[in-house]
Amino acid sequence: MDDCVILREFPTACGRRFGHATLNAPKSLNALSLDMIDRLAPQLDAWAADPAIVGVLLDGTGEKAFCAGGDVTALHHAIKAAPEGDAPEEAKAFFEREYRLDHRIHTYPKPVLCWGQGIVMGGGIGLMAGSSHRVATPTTRMAMPEITIGLYPDVGGSWFLRHMPGRTGLFLALTGAPLNAADARFAGLADFIVADAERERLPALLADTRWDAPDDGGNAANHARLGALLDQLGASVSPATVQPSPLRAHFDRIEALIGHDGLADIAARLSALAEDADPWLAAAGKTFARGAPSSARLSWALWQKTRHMSLAEVFRTEYHVSVAATAHRDFAEGVRALLIDKDRKPRWQYATLEAVDDAAIEDHFKPRYSGPHPLADLGR
């Protein structure tokens, strides 16, 4: 669908142009579909190669959400149509092209300004995390709550969660705790906090700026110029509209909760959080306790396995795990309970962490293709 991502360009004061891509599926809170990926990816390639394009603005239609995640409902239907225990071809195509797009943004040769207003979850974080200039607003609400649908924080999560302060990344993977704008900046998922109202005049500000030619060192100057512009916009945000960061306030507590022992001990401490006096921590404990034990085991396994991996190696590993998840029961069941039947009563395959079959976890890391890895060509 040509209108699922609105693509246009606008001229700037130097005669060069900015690319502008807007996710356009407001009824689904701009959930990322394969059609959207296939429309956005080639345009990013074209803009990267065009010497007249100095940067890209990426945002979403409406005020409620930049992107509420990947289109897991479509994946659920594909899983149900496939033979039991098989990973559907649609899942292989979706994860390959989604991760290829995410990696492209991480390694993009020109500035990418992502306006992360409203809900930014899952696949939306995948798009935002790799952008060079990431804007949160007072309405930003981020989360990677994949444990509630029998998955794990993918889209490069195994890489950027590892780069968060201390062991907060593992805490977020296990609890799906929500993040506000201040949390996002503390965690390294946002670079700027700007008032929501500034979005309307942002294209005009970019258009009124003189940008250098992308070649011959111009990209470095343009990155700095864009950063300075967003710093100026951020300076005008009212402190009263930006809530404090629970993630930062509870950092020492989170470090103690996660610790450096095994998952069973961590699980006991997280489950006890459900009765905590602090509502943010209590909600995190309850989400962990209700989540899929297999997802907790997967997040733990990825935390161990990806410690020294490059970004490209992480995406290749996540491709194995995500495709395999569509062949196991918990992902489809989690999506059913949350988004299809909406009874919020998932019947997980394993009732406890201890019951999770070690062989089932290892099976997620095995390839389900013949020949080279579908993402073998990713650079670094």
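1. Which salt bridge do the side chains of Glu-89 and Lys-92 form, and at what N to O distance? In this predicted model, the two side chains meet at 3.3 Å, N to O. Both residues belong to helix 3 and sit three residues apart, about one turn of the helix. Glu-89 is exposed, at 53% relative accessibility, whereas Lys-92 is buried, with a relative accessible area of 18%.

2. The salt bridge count comes to 19. One of these is between the side chains of Asp-45 and Arg-104, at 2.8 Å from N to O. Asp-45 lies in helix 1 (residues 34-49) and Arg-104 in helix 3 (residues 89-106), so the pair ties together parts that are 59 residues apart in sequence. Asp-45 is partly exposed, with a relative accessible area of 38%, and Arg-104 is also partly exposed, at 25%.

3. Arg-199 forms a salt bridge with Asp-59, with the closest N and O atoms 3.5 Å apart. This pair links distant parts of the chain, 140 residues apart: Arg-199 is in the loop between strand 9 (192-193) and helix 8 (202-207), and Asp-59 is in strand 3. Arg-199 counts as buried because its relative accessibility is 19%, under the 20% cut-off. Asp-59 counts as buried at 6%.

4. Strand 5 (residues 112-116) is mostly covered, with five of its five residues buried. Val-112, Cys-114 and Gly-116 point one way from the strand, while Leu-113 and Trp-115 point the other way. In a regular strand the side chains alternate between the two faces of the sheet.

5. Strand 5 has pairing partners in strand 3 and strand 7. Strand 3 (residues 53-60) runs parallel to strand 5 and is joined to it by three bridges; Leu-57 has Leu-113 as its bridge partner in strand 5. Four bridges join strand 5 to strand 7 (residues 133-136), and these two strands also run parallel. Trp-115 stands opposite Val-135 in strand 7.

6. Thr-12 lies in the loop between strand 1 (5-11) and strand 2 (17-23). Leaving aside residues up to four places away in sequence, Thr-12 touches Arg-17, Phe-18, Leu-206, Ala-207, Thr-209 and Trp-211.

Note on methods: Residues numbered from 1 in each chain as written. Predicted model: local features only at pLDDT ≥ 70, side-chain atom pairs only at ≥ 80, totals over all residues. Heavy atoms only, no water. Contact = heavy atoms within 4.5 Å. Buried < 20%, exposed > 50% of the residue type's maximum accessible area, 1.4 Å probe, protein only. Pairing = 2+ DSSP bridges. Salt bridge = Lys/Arg side-chain N within 4 Å of Asp/Glu carboxyl O.
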